[in-house]
Amino acid sequence: MSNKPLVVVTRKLPDVIETRMMELFNVKLNLDDHPLSQAELIEAVKIADVLVPTVTDRIDSGVLSQAGEKLRLIASFGTGVDHIDLATARQRGITVTNTPGVLTEDTADMTMALILATARRVSEGERLIRSGKWQGWGPMSMLGHRIYGKRLGIIGMGRIGQAVARRAKGFGLSVHYHNRRRVNASVEQALEATYWESLDQMLARMDIISVNCPHTPATYHLLSARRLKLLQKHVYIVNTARGEVVDENALTRMLDKNEIAGAGLDVFEHEPALNPKLLKLDNVVLLPHMGSATIEGRTDMGEKVIINIKTFVDGHKPPDRVLEALL
């Protein structure tokens, strides 16, 4: 690869990141920030040495099969890699990197915000004020639930799950978790976290569920219709991970029938499309996939992308290579 590879960026990135990329590489930017169609993605991989996609770009086998011989690196701007066909990339000798770690605190903040918003009916109260129908304070008006002393079940105890646990501990929540592998005993002790080998058993005993695992074939509909039925009626579900982890139709039906207390959703199974029934429910807080949306976080992501590209161009292994065996 030449010292000035052609880097194709699929979406608008922070100015400071785009400027630094222009200094280091030969860069094709998306100045109007329109989401690229599949045809445009195919044109991009035909000419690029390096592709910088985001989590909404579907880099599937249909796109990768059209890639030119020059494409050797996909430096994804984001943590999740379920939008990239990793097997096809590997077969074609294309390295894939992501930007782990830098979104941890931002996503954990949003998780706690949604836990509070759902339990205390924050969005519902705000809508009441804006409607002009609020008649003033009343002792039985807008009653929610106290989160102090409640049991929080975290699904996925990686960086973000642990960051959520640290915050939850500060709010007086009892921390429980399910993970593919039990975390180190010192981490459990520091977080005062209880491990559940059985997800089913944990779900049946919690007051709040937080989804913090990645979307992989193994976690698709991990919270299936059957598992959702295990939840107690007073439970709140918060998802700041990936919409595909939860059976959205089943969840919507349960919310509609008040079979669970509520949900806080920052991600959706078919986003940006939403189940229209969700929009009509008062017991769900809906956000536009903004869990990681901070200026600091986006800048840190861009800096990681630049480091991965520069390291690769210099002939070394990028620090954030995605290895399928670790997913």
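Guide: Proline 272 lies in the loop between strand E11 (262-265) and strand E12 (284-286); helices (H or I, at least four residues) and strands (E, at least two) are DSSP runs, numbered from the N terminus. This is a predicted model, where local features need pLDDT of at least 70 and side-chain atom pairs count only at pLDDT 80 or more, while totals for chains, interfaces and linings use all residues. Residues are numbered from 1 along each chain as its sequence is written, and side-chain values use heavy atoms, with hydrogens and water left out.

Visitor: Is the peptide bond from glutamate 271 to proline 272 cis or trans?

Guide: The bond is cis, and its omega is near 10°. Most peptide bonds are trans.

Visitor: And what is phi of glutamate 192?

Guide: Phi of glutamate 192 is near 50°, which is positive in a residue other than glycine. Most residues other than glycine have a negative phi.

Visitor: Where is glutamate 192 found?

Guide: In the loop that links helix H8 (185-191) to strand E8 (193-195).

Visitor: New topic: at what angle do H1 and H12 pack?

Guide: Helix H1 (residues 15-24) packs on helix H12 (residues 295-313) at about 15°, and their axes are 9 Å apart. Axes are lines fitted to C-alpha atoms, for helices over the stretch in contact, and angles run from 0 to 180 degrees between N-to-C directions. So H1 is roughly parallel to H12 (under 35 degrees is roughly parallel, over 145 roughly antiparallel, 65 to 115 roughly perpendicular, the rest oblique).

Visitor: What about H5 and H7?

Guide: The axes of helix H5 (residues 104-119) and helix H7 (residues 159-170) come within 8 Å and cross at roughly 50°. That makes H5 oblique to H7.

Visitor: Left-handed or right-handed, that H5 and H7 crossing?

Guide: Right-handed, and the crossing of H1 and H12 is right-handed too.

Visitor: Last one: where does UniProt place the NAD-binding domain?

Guide: An unreviewed UniProt entry lists "domain: D-isomer specific 2-hydroxyacid dehydrogenase NAD-binding" at residues 112-291; such annotations may be inferred rather than shown by experiment. Over residues 112-291 the chain is 31% helix and 16% strand, with the end C-alpha atoms 10 Å apart.

Key: Left-handed = near helix turned anticlockwise from the far one by under 90°.
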